[in-house]
Amino acid sequence: MYTENMKEVNYHSKIVGTTFENRQDILAHLEGNESLRVRREPKNQYDPRAVAVDVDIKGIWYPVGYIAKDKNKDIAEALDAGREVEIKISEVTGGDKGKNLGMNICLKFWVLSACYSFYFSGKPV
């Protein structure tokens, strides 16, 4: 499935949208070792490249946020092409002194080298 003209991308960031739709309650119960998944939302009214992040709690997937709109292009393309995208919790952040909770994540996926976006490399290829 992966060829020599593909490049592995490792991406570390926070997810966005964690303050909507009871997501704070879900984040408050996480231990940090739960499984995550990414899923496309091509019909999302705010972003046709939307990539949602869900967490598995006792066999049920709950939405906890999104990959940022300015960072989701290559991830959406990888998912649309049927390539695996690995995602893990790096850290659940905040929550003290009345601050909102958030989540930092680590992603790993493959892109075509010729299409590798400046969003991840810092420069066009």
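A salt bridge is a side-chain nitrogen of Lys or Arg within 4 Å of a carboxyl oxygen of Asp or Glu. A search of the whole structure finds seven of them. The model is predicted: local features need pLDDT of at least 70, side-chain atom pairs count only at pLDDT 80 or more, and totals for chains, interfaces and linings use all residues. Residues are numbered from 1 along each chain as its sequence is written, and side-chain values use heavy atoms, with hydrogens and water left out.

**Strands and sheet**

- Helices (H or I, at least four residues) and strands (E, at least two) are DSSP runs, numbered from the N terminus.
- Two strands pair if DSSP finds at least two bridges between them.
- Three strands form an open sheet in the order 1-6-5, with antiparallel pairing.
- Strand 1 (6-14) and strand 5 (86-94) are the edge strands, and each pairs on one side only.
- From one strand to the next, the twist averages 15°. Axes here are lines fitted to C-alpha atoms, for helices over the stretch in contact, and angles run from 0 to 180 degrees between N-to-C directions.
- Strand 5 and strand 6 (residues 101-112) run antiparallel and are joined by eight bridges. Val92 has Met103 in strand 6 as its bridge partner.

**Hairpin**

- Strand 3 (residues 51-57) and strand 4 (residues 60-66) run antiparallel, joined by six bridges.
- Asp54 has Pro63 in strand 4 as its bridge partner.

**Helix 2**

- Helix 2 (residues 73-80) lies across strand 1 and strand 6. The helix runs at about 60° to strand 6. Contact means heavy atoms within 4.5 Å.
- Within helix 2, Lys73 and Glu77 are four residues apart, about one turn of the helix. Their side chains meet in a salt bridge (3.1 Å, N to O).
- Lys73 is partly exposed at 25% relative accessible area, and Glu77 is partly exposed at 35%. Buried means under 20%, exposed over 50%, and partly exposed in between (1.4 Å probe, protein chains only).

- Side chains of opposite charge can pair when their charged atoms come close.
- Arg40 and Asp80 meet through their side chains in a salt bridge (2.8 Å, N to O). Arg40 lies in strand 2 (residues 36-40) and Asp80 in helix 2, so the pair ties together parts 40 residues apart in sequence.
- Asp80 is exposed, at 53% relative accessible area.
- A network of salt bridges links Arg37, Arg39, Glu41 and Asp54.
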